[in-house]
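Q: Hi! Could you walk me through this model, bit by bit?

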Amino acid sequence: MKLKSILVSILGAGLFLALAVVAPVSAEPVTVEFWHAMSGGLQDALVALTDEFNATNGQDITVELVNQGGYGDLSKKLMASVAADTLPDMAQVYNNWITGYLDSVVALDDLVATNFDNYDDILESYRNEGAEYGPIYTIGFNKSIQIFFYNKTQFAELGLEVPTTWEELEAAGKVALEATGKPIVGYDDLFGLFQQYVQQNGSGFVVDGKIEFNSPEGLEALTFILNLYKNGYARLAGEDVYLSGPFGNGDVLAYVGSSAGAAYIQPKDFEYGAAPLPKGPVKGSVPQAGTNLALFAQDAAKQTAAWEYIKFLTSADATVEWAIATGYLPVRTSGFESATYQAFMEENEVAQAAYAQVGDQYFEPVFNNSYDIRSLISTEIETAILEEKTPEDAMNTIVEKVQALLDN
Amino acid sequence: MGDGIRRKITVVLTHVFLMAGAMITLLPFVWMILTSLKDAGEIVQMPPTFFPSVWHFDNYLKAFAAAPFGQYFINTLFVTIVGTILTVFITILTAFGFSRLRFPGRDVIFSILLATLMIPGEMLIITNFVTVSKLGWVDTREALIFPWIANVFYIYLLRQFFMQMPDALYYAAKVDACSDWRYLWKIMVPNNRHAISTIAILNAIGCWNAFLWPLIVTNSESKRVLSIGLVRFQTEAGTHFELLMAASAILVVPMIILYLLLRNQIISGVTRSGIKG
């Protein structure tokens, strides 16, 4: 026992001396563990960026990427780790995941104020999302926006312009249905569809925990949506879950889905285009999506190291590299305006469509049971479409059920 | 004559019925394989095609390249084999204790064990994770194996089989100075090998398919299992069904082989419950 401890201290001293001799100036090596939910090509892009950071940070920081499955899996795993006190140094999160454990998330206000390059350059709606709970808890990272994908070939054959308003969408739907028998549009995200149309018509959605979408403007929006489906101008994703499949097969002439879904479109004998979403009578309103970076590391050295990495990922160069590789959007205005991204945009309609409407984008605020309310509204709208309910009936059911969840 | 025809009709009808049943059972597997050979567009095509218009065998290569499936395969095999051996060993000992041995509080303890079956597994995940992380087992193979080696359902199942062995056999063995340990392994286990194989295969399938727990307790690629690799093909914006099905096909093949090997054992384990020996 004694001999062992003597040996250990000799070895330790030797190691210390050796380190002191070899690397007299460099800081202690730090490893940062980053949990993410990026798979496939997205993961490859993240690995490339991270390798770049590990090789060039000059401070002996190594970021270890850990894939934790999909968003749902990552969220569950973070929750378990809070309970076991084994959180990683940082992770991708949605705001509604962290409400239960805000104490474990590092508030970033001081770091942003003292050690961050031009925070105001980050897109405003991302800054708003990051500061939803007061302090800045997250920084936007893999951000996407909804896009109107359309069948360019068929639109040209039918002499259709890309609809920019509700009326144009309805008129184009009529033309398309009569000429082809096919619906013009589909929506991947029914909750997002309802929320954006309510807001586009000038009503609030849920504000400070109170339902505002049951306004006359809200009902008008719901009526418009239900009529689109009733008249056969729109179709549900149904069994296909995402409309990129039916769209690629030519079964629907256009669909509204995430800019990140562009990679899943495989057009069969046609060329597809991307455009901004149609705007409502009052304003444009486009849902943003995608996760943000949260810092959990409590240890000072790890915190500093992870912050360096966050600064790197959100820097103009890296965010542009990331956006070009993945189809997500740059998180900085200067990223959008950089020569590299502008050149990319010229060739890429999805990026153009995204850029044209970033000023209209909003984040989904978190309120009591917002996750359940999200799926509830999607289901209720689908039910209303399938059962051809009147808008008033559908609205009453939605209000009643949402209120119950808000009060819960 | 009439009897012969009637018998023939019965045979034909039985076979038609069985064939229909077999086809219904096989269809999901066949569909999985056929889907794995289509391209992404053809999968969502309406009306659907049965056979791929172009056979995309390269889907398998793509799927295999998406994650370190070789490493995952070794890990899954290790966890399944070791986990199943330990589970079966513990199940045999515990079932013997609760069926043959007499000790104070035996039935009360067994009732408490049975009561734990009422708690859904999902509820235990966070508490189990906390325990495992306090033991320092996060991201180790121990965490994948040890929390699951005591399974009350299997113990209950095997105990019922053990209890059907006649008492006389036990006392006869005792008279011949046979120890409990020897009686268990020489008489009880060989006579209940069908039940034990059933438990082994149920457990192996469970280990092989487990997803949430392995995902939660492992972080490094070197410790992860096959089921986690399947998530690689799903993202927020879409799913690569053709690659997902290719990877799933690779995933289920070993279980099908295991089933074919143990087929006879399983069937008699499920159907036979009478006493032997």
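Predicted model: local features only at pLDDT ≥ 70, side-chain atom pairs only at ≥ 80, totals over all residues.

Q: Where do the buried residues of α8(B) fall when you look down its axis?

A: First, which ones they are: Tyr154(B), Ile155(B), Leu158(B), Phe161(B) and Phe162(B). Seen down the axis of α8(B), these fall within an arc of 125°, so they line one face of the helix.

Q: How does the end-to-end span of α8(B) compare with what you'd expect?

A: It agrees: α8(B) has twelve residues (152–163), which at 1.5 Å a residue should span 16 Å, and its end C-alpha atoms are 16 Å apart.

Q: Zooming out, what is chain B like overall?

A: Chain B has 14 helices and two strands. Its C-alpha trace spans about 75 × 70 × 30 Å along the principal axes. The radius of gyration of chain B is 24 Å, whereas a compact globule of 277 residues would be near 19 Å.

Q: How much of chain B is buried?

A: 30% of its 277 residues count as buried. As for the contacts in chain B with a separation of 6 or more, 76% are between residues 24 or more positions apart.

Q: Now the other chain. What's the secondary structure of chain A?

A: Chain A comes to 18 helices and 14 strands. Its C-alpha trace spans about 90 × 50 × 35 Å along the principal axes, and 46% of its 408 residues count as buried. Residues 24 or more positions apart make up 73% of the chain A contacts with a separation of 6 or more.

Q: How is chain A divided into domains?

A: Domain 1 covers 27–143 and 290–362, while domain 2 covers 145–288 and 368–407. Their C-alpha centres lie 29 Å apart. The contact takes 18 residues from domain 1 of chain A and 18 residues from domain 2 of chain A.

Q: Which elements of domain 1 give two or more residues to that contact?

A: Those are α16 (349–357) and β14 (361–362) of chain A. α16(A) gives the most to that side of domain 1, with six residues. By class, the side of domain 1 that touches domain 2 has eight nonpolar, seven polar and three charged residues.

Q: And how many residues of chain A and chain B are in contact?

A: 28 residues of chain A are in contact with 23 residues of chain B. On the chain A side, α2 (40–56), α3 (71–84) and α11 (244–248) each supply at least two residues, and α3(A) gives the most, with six. That side of chain A has ten nonpolar, 13 polar and five charged residues.

Q: I clicked on Leu293(A). Is it buried or exposed?

A: Leu293(A) is buried, because 24 other C-beta atoms lie within 10 Å, and 20 or more is the cut-off. Leu293(A) is found in strand β13 (292–295) of chain A.

Q: What does Leu293(A) contact, leaving aside its neighbours within four places in sequence?

A: Met90(A), Gln92(A), Thr138(A), Ile139(A), Phe141(A), Ile310(A) and Leu313(A). Gln92(A) is 201 residues from Leu293(A) in sequence, yet their C-alpha atoms are 4.7 Å apart.

Q: Back to phi. What about Asp60(A) and Asp208(A)?

A: Phi is positive in both: near 60° for Asp60(A), and about 50° for Asp208(A). Asp60(A) is in the loop between α2 and β2 (61–67) of chain A, and Asp208(A) is in the loop between β7 (206–207) and β8 (210–211). Asp60(A) is partly exposed, with 14 other C-beta atoms within 10 Å; Asp208(A) has 8 such neighbours and counts as exposed.

Key
Residues numbered from 1 in each chain as written. Chains lettered and ligands numbered in written order. Helix = DSSP H or I, 4+ residues; strand = E, 2+ residues; numbered from the N terminus. Buried ≥ 20, exposed ≤ 12 C-beta atoms within 10 Å, placed from the backbone. Contact = placed C-beta atoms within 7 Å. Nonpolar A, V, L, I, M, F, W, Y, C, P; charged D, E, K, R; others polar. Domains from an automatic or database assignment. Rg over C-alpha atoms; globule rule 2.2 N^0.38 Å. Expected span 1.5 Å × (residues − 1). Arc of directions from axis to C-beta.
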